[in-house]
Amino acid sequence: MALTRRQALKSAGAAVAAAGIARPAVAQKNPILVGYLPALTGPSSSTGVGINRGIQLAIEEINKSGGIDGRQLELITRDTQSDPTKAVNGAAELTRGVKVSAVFGPVNSGESLAVVPLLARTNTPQVHPCWVDTLTDVKKYPMCFRNAPTNQQIGGASNRYVVEVLKKKKVAVISDTAGYGTASLNAYVPMLKQMGADVVYQASIDAANPDLKPEILRMQSAGAEAIMPWSVNAGFLSRIINTRGQLAWDVPICGQTTLGSGQTKALLEKPEYWAKVYPNNFRPVCYGAGGKLPDRTVAFLDRLKSHKIDMGDTLLWWIALGYDSPNMIAQAMKAVGPEPEKLVDYMNQLKDFPGVYGDISFTKDKHDGYRDDQVVMVEANSLKDGAFNLAPGYGA
Amino acid sequence: MLLSIVLSGVAIGCVYALIGIAYNVMFSASRVFSFTAGTLGMAGGILGALFILKLGLPVWAGFLLALAGGAILGVVTEILAVRPVLKSLDQHLYVLSTLALALIVQQFAAIEWGTDAQPFPRLLNIERNSFDQQFWLPMVACAVTIVGLEVLYRRTLLGHAFRAIAEDNYAARALGLPERNLRMASYAIAGVIGALSGFAGGQMLLAFFDNATLLTFYGFVPVALGGMGNNRGAVVAGLVLGLFQQAANFLVGGVFSSVAVFAAFILVLLARPEGLAGVALGRRV
Amino acid sequence: MDMFTSGARPARASFWSSPAITAALPWLVLAAIAVALPLYGSGYWGVIATRACVYWVLVAGLNLLVGFAGQLAIGWVALLTLGAYITAVLSAANVLPEVHPYLALAIAAIAGALFGVIVGLPALRLRTFYFAITTLGFATIVRQIALAWASVTGGGVGVPGPVFPPPFDSQWGFYYLCLGFAAICTWMTVNIANSRFGRALTAIRDAEVAAEASGIAKPRLLILVFLFSGATAAIAGGLFASLQSYITPDAFTTELSVLFFIGVLIGGRGSIIGPLLGTILLTVLPEFAAPLVAWSTFLYAVLLLVIVLVIPGGIAELLDFKNRKPLETHRALVPRPELLKRLLAQDDDPGTLTLEQVELHFGGVRAIDGLDLTILPGQVHGLIGPNGSGKTTTLNVISGYYNPQRGRAVLKDAVLTQLSHHRRAQLRIARTFQTPRIVGEASVIENVMIGGTIDGTGSFFESLFALPRHWQDEKKLHETAMLALSAVGLESLAGVRADRLQHSELRFVEIARALMLRPAFVLLDEPAAGLSVEEIRRLGALVVEMAKNGTGVLLVEHHADLIFDICDHVTVLNLGKKLAAGTPAEIRSHREVVSAYLGG
């Protein structure tokens, strides 16, 4: 992708600087501090970089329109560098150092797993978009909310598409050896079996392995009718797609959203190899019938364009998710103020928050706010402005 | 299927062997193993992608510039990380200085080039078949390097000087050989060979900053098993490693294949510290 | 605290003298800052300080391995991973019945100690760089297993870290727990550093042959250190798991491993306070430099390169004010041979050291060709000959560095050529080297004390906890070393760093170190090289006095005058064969010898 880590850092830095300049004008009222723990650098930072664009836009808009009761929203950013130890240090600084009112992030599961229990200890309201199922637990972490799908929802959508729409019964499930990959593999294989599918091949493979031909050949000889890869590593995913193409093996590939990312595309040997690749995505940011986005999303795209935010090298859902999160926190704060208990009470009753990324609802017993039916599959090679066409069979 | 394993095993084995040779060339000139060997391979891949894909230079120009980049990196290694610590070789400071330089270069690449793997160009616009660029290029590169080094070492005056340095540093200096310049030249050659390996393996390994770590380790295996300074041993051991790795990938798969490779390496070394083809060295008192 | 008094080691009486205070001052300041942290630091700095403590628990042990023993274990994060997972898995009760966190930590320590030996074993067989690479291999293996063995480790999703019971469950409570571990580790490593074991480790690092000649068994000692640093690293792992609250394999990166390693080296080899400050620096620095956070590993690497090239002594060298004071320039070496009586008193019959028909060749070159040699106690035996005649090689056969193809070296009932190197010291055979083999960063007296390593009675663990026998050993070694230094005339330089001495002085340091063994036989390899005429005369008197006290001396020399002045017996070698042998007078008149070497 064209955006390098350095550029991402610069843009984040510029945003921080802009907030700093804007502050004196409203100095009569203290700003409300919101913590933010993205991975802007490091090996799994492309998600964080995409999300960051939406966040910065939302904060700018909120503050331009008067902030929260005249108080500015100040974002305190700590780059986690995709490193759990840095995330823990960052969480400590946000909660025990600057004492923020709420935290958004981290955006990678490995970091969230460490940070969520820590924030629970300091009673800090938290919103994060990580998928690992155990990351919300209303008993252990009563102040932690997820405004994104769970792994169950993601895998469920993929599995349903393969088994029920494509009617494939023999499936090969494959992942890299990173945490996210192995966790997904372990969760989805039993789900597939429960749906009556036959998992003819499953493996976790070192993403650095340069040659995946043996793996793909073994899937082929096991009689697989679909490949389901789980990894956020574009290099690894592109090798799977390329090898399938080289072997001229005509099976669908369904799985992780990164299958549709610009980086994966850049690593394909031929553009046509991207056909019959169906990544996960989210209905509100997909082109429906006639190639149209929902109205809410069209309006959002216009705002992005007017702020000259680049979408060619990232995914729309990352930006949308980033944009929704501060808006959701701001809406709660406008209603009840920044007190943690009141914020959580408000969030516990949040109903259909109209996000670009999706409608979010929480209850006291359920902090997973994303709707099942909004998780969909799309056609990878329809990528345009960071969004995709729904995969065939959604009848939209 | 078997053909596929053998082909890719041999191809990746050639890349490892070339890194091993880069280690050896540096070692022969200075009695120093340098952690920058894998970094040279990483640089070859990234520079190739940078010049050909990003800057749009012709393939030959990108190739030559990538090798030149490797040579510069080799010379910088010699000046910054090797020459200053040669006086105190027995303190093993070279391990630290070359590790530091390798980290500096790798981190610089991570920040400037990015931490995502990026595509490496196809050199010839021909249809893929089972004997693709990713297979033949490393093999050709390895063969050319071996032949080239043989000719250089056996047939040229410069090569004789290199060998004199490798065999007896002090005697060579006493003979009036320009030891320092020869050492720098050796490091430049090692840089070219390292960059060549990364360039040749670019289609397989992509242009990726973390290849430095991978190649530093896997490239050292041929040196350790083939015997220090023994280029032919390195090639044989490199090919064995490549085939063993692909076979392990195929047979046990997943995470256990890398565990198998590392464990086999450590066990073989413990059994024969001087390598499978090496000779035990006497100690200096 | 004992940690501080040990800084004043070993003469406890001088504790209140000013050097002791200077040495203890940085420790006191650090301890005060650390203990009082909750009074002025926010909870955030509490977390950072806790992290520094946890890392130091690991680095303290690693420091003995890397900084003292010179074993370049780059992949020590393997042990952190192991300890973290064992503690977390056992206390999370997801596979086995729940184990109390302290018990889990103890089990992790034991497992870490054992695994430390496994990771370390290649060090006994492999060269430095090879060993460094194998430790990285182990780090990968452990991480991959943590990923793959999902039923126990949770795979990529990981396991929650342990929570220690009150009062250590609160943030500051946990901080004090980690600080306590860090203080104990510091105390233990200071004890080791200031014991015969610590000095032996530095000898293995900088002067391996001298270490062996002093009777130091490298494998045994290194295994003890691997046990110790494996255990501390695993304990650090358990604390790390608790600090992280949740562990996944992502947390155990190579960068972290490199951070530990660099922490030791920028601190300075052979120091405790240096690596401690280095660890604190590397933990805290990124918190101040938020905009540079992406460049942090890059900057560590630059720091490492600068340290290696510009200040190889690291932070410790910067703090070493004592050794900045210029030394007296015209200092004379005045040995006091009369003191040797107190060092060398032989109470039993030392026997005779003989070489029988020794033959040694390298490839086609015969270095020694059927040599017979008899060295009697109480005599000075000179060994002369041109360069390459096999003089030093003969010493090396006696020392065991070369194994002759034929023949043997015998002392009393022991066949030397069948013993491993370090066993010669037990037979009271000491030696010096053509180029002095000393530990430059250690003080002169520490270098001399290395020579007496085998005379200690306390075990490694008694030294670790500073038990009484540790103090007895130290007191005795220190007294003997002062005596040996006085005998060679260097007592005024006892506290000076050895690399500040002149070459001639180092030769006498080596002799003092050899004297520490109360040698029955001493092998001197060109001790007069580089000495002034006056110094050679004093050396001669010293050697003669050694022989008078019953020690057999084998003297390899080029200075003919010295040989003829002090030897009782002279052997002349040529091309590995005995050319002539006899009293100095006989040799002086031996025609072939005269024409060949003595220039008429």
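**Domains and chain contacts**

Tutor: This is a predicted model. In chain A, the domain assignment gives domain 1 (5-151 + 297-374) and domain 2 (152-288 + 375-390).

Student: Which element gives the most to the side of domain 1 of chain A that touches domain 2 of chain A?

Tutor: The contact joins 25 residues of domain 1 of chain A to 23 residues of domain 2 of chain A. On the domain 1 side, the elements giving two or more residues are helix 4 (109-121) and helix 11 (316-336) of chain A. The one that gives the most, with four residues, is helix 11 of chain A.

Student: How do the residues on that side of domain 1 of chain A divide by class, and how far apart are the centres of the two domains?

Tutor: The side of domain 1 of chain A that touches domain 2 of chain A holds 12 nonpolar, 10 polar and three charged residues. Taken over C-alpha atoms, the centres of domain 1 and domain 2 of chain A are separated by 29 Å.

Student: What percentage of the contacts in chain B with a separation of 6 or more is accounted for by residues 24 or more positions apart?

Tutor: Of the 285 residues in chain B, 57% are buried. Among contacts in chain B with a separation of 6 or more, the share from residues 24 or more positions apart is 77%.

Student: Which elements give two or more residues to the side of chain B that touches chain A?

Tutor: The contact takes 27 residues from chain B and 26 residues from chain A. By class, the chain B side has 13 nonpolar, 11 polar and three charged residues. The elements of chain B that give two or more residues to this side are helix 1 (2-30), helix 4 (93-113), helix 9 (202-205), helix 11 (231-251) and helix 12 (254-271).

Student: Which helix supplies the largest share of the side of chain C that touches chain B?

Tutor: Here 36 residues of chain C are in contact with 33 residues of chain B. Helix 7 (122-125), helix 8 (128-148), helix 14 (254-267) and helix 16 (296-309) of chain C each supply at least two residues of the chain C side. That side divides into 26 nonpolar, nine polar and one charged. The largest share, 14 residues, comes from helix 8 of chain C.

Student: Within chain C, which helix gives the most to the side of domain 1 that touches domain 3?

Tutor: Chain C is divided into domain 1 (2-6 + 14-255), domain 2 (350-428 + 519-600) and domain 3 (438-517). In the contact, 18 residues of domain 1 of chain C meet 19 residues of domain 3 of chain C. Helix 10 (171-193) and helix 11 (196-206) of chain C each supply at least two residues of the domain 1 side. With seven residues, the helix that gives the most is helix 11 of chain C.

Conventions. Residues numbered from 1 in each chain as written. Chains lettered and ligands numbered in written order. Predicted model: local features only at pLDDT ≥ 70, side-chain atom pairs only at ≥ 80, totals over all residues. Buried ≥ 20, exposed ≤ 12 C-beta atoms within 10 Å, placed from the backbone. Contact = placed C-beta atoms within 7 Å. Domains from an automatic or database assignment. Nonpolar A, V, L, I, M, F, W, Y, C, P; charged D, E, K, R; others polar.
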